[in-house]
Amino acid sequence: MASHRKSRPVGTRVAGIRTPALATAALTSVALLSQSANAAPADDKPSLEEVEKKVDDLYRQAESATDNYNAAKEKTATQRKQVDTLLDDVARRTEKLNEAREELGSFAAAQYRTGAAAPDTATFLLADTPQDYFDQTQLMGRLTNRQKGAVDDYVSEQSATMKKRQEASQSLQTLTETQGDLKTAKATVQKKLADAREMLSELTAQEKARLAAIEKQKQEEAARKAAELARQQAATETAAQENTAPQESTSTATDSSYATKAAKALAFVRAQIGKPYVWGATGPDSYDCSGLTQAAWKAAGVDLPRVTYDQVNAGTTVSLADAQPGDLVFFYDDISHVGLYIGNGMMIHAPKPGAYVREESIYYDGESAIHSVVRPA
């Protein structure tokens, strides 16, 4: 005979103890919570793509800070020369002033010896200028023309010396402020580079290998874009040659002159390949990006400013399609990087700390990174 007892629902309590089914569910929940808690730190860890972007950003920020450092360093050198010139001038004027003072003292002593007047030290010290003193003691009327001329010269020299001293003081203050900017920029560069190195040091060997693979893919894409630009430029040049008219000889001469200078800049920059990037360096053993382009064009007889955001204004802006060997290619919105275009979508540049001067596609950091192209001569 079948039992009339109802089966007990799964998960109900018996004498305050959970049934096995409910206990299993509870244990499963605890295990899942434990796994989630343990997994939290891993979820917070940035992906390799994020690490790469962060490191690239830090290097770029370091380059921008390097430009600030270079500008402050150049400004400091200029101001130091100005201060030295002013201090030398003050020293010469002070010496001349002392000689004039001695001459005036001899005049006063002579007047005293002849009994014309008794010199009053208090009056002399309180007088604004030697001429005031001579006026107050009624000596000016008794002085010879030569003596009066000496007093006038002394007063003029004293005024000029005081002015130069004020200029020197202001220049010293400005120099001190610029040196502070130099120190700040240097600390910023060092901090950005240290942060980048720390991020890279925390990667495992496997992660570094994957990061290298990502970088290789970027280089392959950059090379593809460079080849595409080279084809476009070749086609444009061919079309231009076919349509060249005889009256365009002036333009041809201008192009030839630029090409001659550019060839010298390119010969120089190619000889620097393999030298290390060092921020703030201008050669001959190491370079930063703008130090390299400045040195290259200097070899061609063209003086470029020291920093990228000044170099970008030191020539004529041209389109990327019209870029010629020797042109300067600038990168990023803050114009913090520059390379020397060598043709076929390629450039030679000093990339970043830890790297060496090398030939590379202008698309090394993507097409959007290119800011402008400038022809400096």
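Mentor: Let us start with serine 286, which sits in the loop between α7 (249–271) and α8 (289–298), and keep in mind that this is a predicted model.

Trainee: Why is serine 286 called buried?

Mentor: Its relative accessible area is 15%, and the term buried applies under 20%, so serine 286 is buried. Leaving aside residues up to four places away in sequence, serine 286 touches Pro276, Val278 and Ala281.

Trainee: What makes α8 mostly covered?

Mentor: Of the 10 residues of α8, 9 are buried, among them Cys289, Leu292, Ala296 and Trp297. α8 also lies across β2, β3 and β4, and runs at about 45° to β3.

Trainee: What makes a group of residues the largest nonpolar core here, and which elements supply it?

Mentor: A core requires buried nonpolar residues joined through side-chain atoms within 4.5 Å, and the largest such set has 26 residues, with Ala265, Leu292 and Phe330 among those that have the most contacts inside it. At least two residues of this core come from each of α7, α8, β2 (328–331) and β3 (337–343). A second, separate core has 16 residues, including Ala226 and Tyr341.

Trainee: Why are β1 (316–318) and β5 (358–361) said to stand at the edges of the sheet?

Mentor: The open sheet has 6 strands in the order β1-β6-β2-β3-β4-β5, with antiparallel pairing. β1 and β5 each have a single partner strand, so one side of each is left without a neighbour in the sheet.

Trainee: How do you know that strand β4 (residues 346–349) pairs with β5?

Mentor: Pairing requires at least two bridges, and β4 and β5 share 4 bridges in the antiparallel sense, so the pair qualifies. Within β5, glutamate 359 is the bridge partner of isoleucine 348. Helix α6 (residues 205–242) packs on the sheet, touching β3, β4 and β5, and its direction makes about 80° with that of β5.

Technical notes: Residues numbered from 1 in each chain as written. Predicted model: local features only at pLDDT ≥ 70, side-chain atom pairs only at ≥ 80, totals over all residues. Heavy atoms only, no water. Buried < 20%, exposed > 50% of the residue type's maximum accessible area, 1.4 Å probe, protein only. Contact = heavy atoms within 4.5 Å. Axes fitted to C-alpha atoms, helices over the stretch in contact; angles between N-to-C directions.
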